[in-house]
Amino acid sequence: MSRKITFLTLFLWLMTVTFPVIAQQKADTTYTFRFVPQKDMFYVPWNGNDTELARLLECIERNRTDILDGRLPLLVDGYCNSLGSGTENLATAKIRANRVKSELIIRAEIKEENFITRNHATEGDFVTVRLTVPVKETAVTDAEAEARRKAEAERLEAEKRAEQERLAEEQRKAEEARLAAEKAEAEKAAQQNTLADTPSETKITTDYHLSLRANLLRWATLTPDLGVEWRICPSWGIAVNGSWTSWTWSDKDRRYALWEVAPEVRYYMGEKKAWYLGALFKAGQFNYKLSETGKQGDLMGGGITAGHQLRLNKALALDFNLGLGYLNADYEKYEVIDGVRVRHGNETKDWWGPINAGVTLVWKLF
């Protein structure tokens, strides 16, 4: 019996000695602040951060004296693993930790030296703040903190998987859209090639409908020449050229004068409608006196023409042409004696061969 009393007395004494020590044991109190993956901004009202910040501020207020005196530092750990490299993750974790500390410095009126900061390129996208406070000062035990940490890690892992699935789905849709666009572009190109390979008069258009013309060869022989052409459609055109000149010299004893009108119907050929064949009619009058005997009369004829138009720019082109056919000249001969024309009879000549040639400048009006 005395042994039992002795043992009980010893047990109570040990409890009396060790209880204050147990009461002074300290435990970590952890506060977690979540961040958007790949971002470093600290959104206080987001994802429960406001509630966690309020709890931390209450704990700091209760332990302000120990914190400011340096006996109770705030352990800040920044985490990031959502970027492409460890260097980027570590830099973002550091920025996140600094943003949380800045918020605490402003709100709780503490200083930078009250923190101990570490950064990690692992585990997730969050920042933790831990205070090692006496057990009696906190309602969160080590088991609870560990449970919360595991729950947070699981939640972050689930968010990461969801984000990866979302990015994979967006990438799949973008790839499908790209393939669809390439297919549509290929079909459009194939359709255009088919149209280009199919001969069709309706898909060929000329770049002008009405033009002015000037035969540079006629102008070079001091015979002004002007004309117009109307392109009825890409393959057919109607042209009319006219020439007129009247020159005298040696006190009017020598003369070179004529006028001509030459309507022409043309058929344009080829993919670019640059080559053509035509039918030409020519009529006019002439008066030549290049020697002692002059010739004055009428001419008429016609034939076929061929040529090619060389495009210079949007407004100008050169028309090279040659006409072969028949001309009839019905004229009278004369001499000038004392300023009076003296007739010496009539003549008629027929000509087979070249009846027209030109290097014509074409000015496209519209």
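## Basis of the model

This is a predicted model, in which local features need pLDDT of at least 70 and side-chain atom pairs count only at pLDDT 80 or more, while totals for chains, interfaces and linings use all residues. Residues are numbered from 1 along each chain as its sequence is written, and side-chain values use heavy atoms, with hydrogens and water left out.

## The barrel

In the order 5-6-7-8-9-10-11-12, 8 strands close into a barrel with antiparallel pairing; strands are DSSP runs (E, at least two residues) numbered from the N terminus, and two of them pair if DSSP finds at least two bridges between them. Neighbouring strands of this sheet are turned by 20° against each other on average, direction ignored, with axes taken as lines fitted to C-alpha atoms and angles running from 0 to 180 degrees between N-to-C directions.

Strand 5 (residues 210-215) is joined to strand 6 by 4 bridges in the antiparallel sense, and Arg213 stands opposite Gly227 in strand 6. Strand 5 is also joined, again antiparallel, to strand 12 (residues 340-364) by 5 bridges, where Leu361 is the bridge partner of Ala214. Strand 6 (residues 225-233) pairs in turn with strand 7 (residues 236-249) over 8 antiparallel bridges, and Glu229 stands opposite Ala239 in strand 7.
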